[in-house]
Amino acid sequence: MTGRALLLALFWLLAGTAQSAVATFQGEALEDLTGLRTDRLEVAAYRDGELRSVRHQWLAWSQRGWPYFSEDDDSRRAGETGRVGPRDRLLVDDADGGERLPSPGQEVIGELALDSDGERPVYFYVLARPPFQGFTPPVTLERDDDGDPLSLRTADYRLEFLDGNLFQWGDFTYRHYRAPDDKPQRTLLDSLKLRLSAGVFSEGARLTLTNENLDPQIQQVIEGPLATLVYATTRVRVAGLRVLTVHNHFVLMENRLAIHSRFALPGIAATVLRDPRARVSVDGHDLQGARLRTSWTGEREAVVDGRLSDTERAMLRRPVPAENWLRFDTGRGFALLARLHFAEGFDTGARLIYQDDPDLEETPERFPGQQPNVGFEMDRIPFGENFYFLAELHFSEKNYFPED
């Protein structure tokens, strides 16, 4: 791969003038490195006339398309342990990129170019030498003596967990947020809301499980210089019987949370359950004046003001496409970009959740009202097959909607 640039930036996370972005190389960009030992590969950038080691992280990937963990017995790795696999990812930080090396030496075995919206690309070089090990992980997962999670902390935000449960969120604070003069600095988010529901023998008699019914158990934690990965399993029981086991793979970065979820409703459950659905949303805490737009509702815009407008009702009627994003911006130094992805081959339906009502009660929550509650609801979940989806949250101080 030496001597040719692969202008491939597969995705940018929170690319803003005030923040660097973690980018991912995969597929064709890494094909010439497949099979090489990762403990003998260094990543460097050319700056001020020399190659300097930079932060990077190899993510092992499973054959079926989610992060690989050795403790996940249901997942098979694509490739050999300790070597670059055909589905693996390489994480870098765009701020660490450098100039193009004028004359690569013998130890340079790969050149990776990162292109950003037509700007001049930055370059990274893969070297045949052991990597530098002195980089500090940007994400700290604090746990108690029993291994239960207490909080997640980066340089920009802190997220606390209630009762040692990864799915029960407590206070969330963001360093760049500027609180209104009449309100003290406080948590920006009320809670994460998860719901699994289905009709029992008929669609009219529905059983709903929320965060309070879910108790994920951490099976494995992998810390790295750009991301911390967590594998957790949750056994869901109804009337004492195990209905399903949910496998969650968390990829935690400095300004991003990605939650890979997979589960299989047993085929025999189809004789009892009707119309199974899943919901995932984030409830904001008194974020008046914040604005929301989506990739599938055009120029329509939702504004948090305690009521649903005709425009917002029209947004709720539009189905969510397979490729999607929504942007939520407080205008005060905290913005949120969310995406929802499904495994190919499933005819999954999804719709937008947007609730803006200071008096509406929807447990579990810590503060009254939904101001706002934003997320997705999924239906047409299959029986007897592994159902997979990926939810991403990106935090930023970037103003998505500058005033005209």
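**Overall build, pockets and a few local details**

A compact globule of 404 residues would have a radius of gyration near 22 Å, and the protein chain, at 22 Å, agrees with that; the radius is taken over C-alpha atoms, and the globule rule is 2.2 Å times the number of residues to the power 0.38. The model is a predicted one, in which local features need pLDDT of at least 70, side-chain atom pairs count only at pLDDT 80 or more, and totals for chains, interfaces and linings use all residues. Residues are numbered from 1 along each chain as its sequence is written, and side-chain values use heavy atoms, with hydrogens and water left out.

Along its principal axes, the C-alpha trace spans about 70 × 55 × 45 Å. The chain has 1 helix and 25 strands, where helices (H or I, at least four residues) and strands (E, at least two) are DSSP runs numbered from the N terminus. Of the 404 residues, 51% count as buried; buried means under 20% relative accessible area, exposed over 50%, and partly exposed in between (1.4 Å probe, protein chains only). The accessible surface comes to about 18800 Å², with 45% of it belonging to carbon and sulfur atoms; such areas come from the Shrake-Rupley method with a 1.4 Å probe, and for residues only the protein chains shown count as cover. Among contacts (heavy atoms within 4.5 Å) between residues at least 6 apart in sequence, 64% join residues at least 24 apart.

Next come the pockets. A pocket is an open set of points on a 1 Å grid over the protein atoms alone, where a 1.4 Å probe fits, with protein on both sides within 12 Å along at least five of seven lines; lining residues have an atom within 4 Å of a point.

Of its 26 lining residues, T38, Q57, W58, L59 and I222 are the closest to the centre. Two or more residues come from each of β4 (56–59) and β14 (217–223), and β4 supplies the largest share, 4 residues.

Y46 sits in strand β2 (residues 42–47) and is buried, at 16% relative accessible area. Y46 and R100 are 54 residues apart in sequence, yet 6.7 Å apart in space, C-alpha to C-alpha. Not counting residues up to four places away in sequence, Y46 touches L51, G98, E99, R100, L101 and P102.

D48 lies in the loop between β2 and β3 (50–53). Phi of D48 is near 50°, a positive value in a residue other than glycine, and D48 is exposed, with a relative accessible area of 66%. D286 likewise has a positive phi, about 55°, without being a glycine, but counts as partly exposed at 22%.
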